[in-house]
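I opened this entry to look up the fold order and the surface patches. My notes follow the model below.

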Amino acid sequence: MPEEAMKRGPAGRVDDLDAQFEKVKPDFGGKSELLFYLYCCVIRARRGVDPVRQAEIIRYAFLRHGETLYRDMNTRWLVSFLNTIADHGARGEAEAARALTTFVHMIKIYESLFLTDPQKRRKEFVDDAVAHSTAHKPFREPANFPKIELWDYMFMMALDTGDVIDNLYNRLEDKRYPFVAGAFRFVCGQLAASETVYAEILRINRFTNGQVQKPA
């Protein structure tokens, strides 16, 4: 491959389209060929190659072959597919996809920022809450627990009984758009299975006597 073909653009991007396909192909080794093909659609859309068509191909593939695709899926790739829908899909579905990618990226920002200082990420009361949850004892905030203002009249949620997570889940799982709704359930499952702020809240929260709908 000519050296100039491997010239890097923004964020490590290779300028030559075919060279970019070859660059990412090893990441899909042993995975579904359809998954790699769809990721190539993402690349084409980013380069302005009929982006609306690329978004429609991705949407159609997930509706027809979602079960196969999710077997090899990870959150990074799924967010790339969702970003393509958010940028180039039909209006309603694009808005739903945009809300979901915003949710994921805000968690990514949080985890990235506080990774540099674990003491900020795991406050004393959160550690105590997780310890109660691990011991299968319901966590309850002390009656005198301070009402903490985070910023501009936005107060810290009640960790044990607050309905913020439940409401967020119900609003983002937009069942009018099956691809986005399925993607949201996958994302939440991956977040819940990993050491993330989302998983911590799920372990602690006991909203509606434990009847809140949470991903398996």
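**Fold.** I counted the elements before anything else. The protein chain has ten helices and two strands. I am working from a predicted model. Next I read the order from the N terminus: α-α-α-α-α-α-α-β-β-α-α-α.

**Whole chain.** How many of the residues count as buried? I find 40% of the 216 residues of the protein chain. I then looked up the accessible surface, which is about 13200 Å². Carbon and sulfur atoms hold 53% of that surface. For contacts, I took pairs at least 6 apart in sequence. Of these, 57% join residues at least 24 apart.

**Negative patch.** Which residues form a negative surface patch? I list D15, D16, D18 and E22. I placed E22 in helix 1, residues 17-24. Is E22 buried, partly exposed or exposed? I note it as partly exposed, because its relative accessibility is 46% and the exposed class needs over 50%.

**Nonpolar patch.** I also looked for a nonpolar surface patch. L150, W151 and M154 make one of about 360 Å². I located W151 in strand 1, which spans residues 149-151. Why does W151 count as exposed? Its relative accessible area is 54%, and the cut-off for exposed is over 50%.

**Side by side.** I set the two residues next to each other. E22 of the negative patch is partly exposed. W151 of the nonpolar patch is exposed.

Notes:
Residues numbered from 1 in each chain as written. Predicted model: local features only at pLDDT ≥ 70, side-chain atom pairs only at ≥ 80, totals over all residues. Heavy atoms only, no water. Patch = residues over 30% accessible without salt bridge, like charges linked within 9 Å, V, L, I, M, F, W, Y side chains within 5 Å. Areas by Shrake-Rupley, 256 points an atom, 1.4 Å probe, with all protein chains shown as cover. Salt bridge = Lys/Arg side-chain N within 4 Å of Asp/Glu carboxyl O. Lys, Arg positive; Asp, Glu negative; His and termini not counted. Charge placed at Lys NZ, Arg CZ, Asp CG, Glu CD. Helix = DSSP H or I, 4+ residues; strand = E, 2+ residues; numbered from the N terminus. Buried < 20%, exposed > 50% of the residue type's maximum accessible area, 1.4 Å probe, protein only. Contact = heavy atoms within 4.5 Å.
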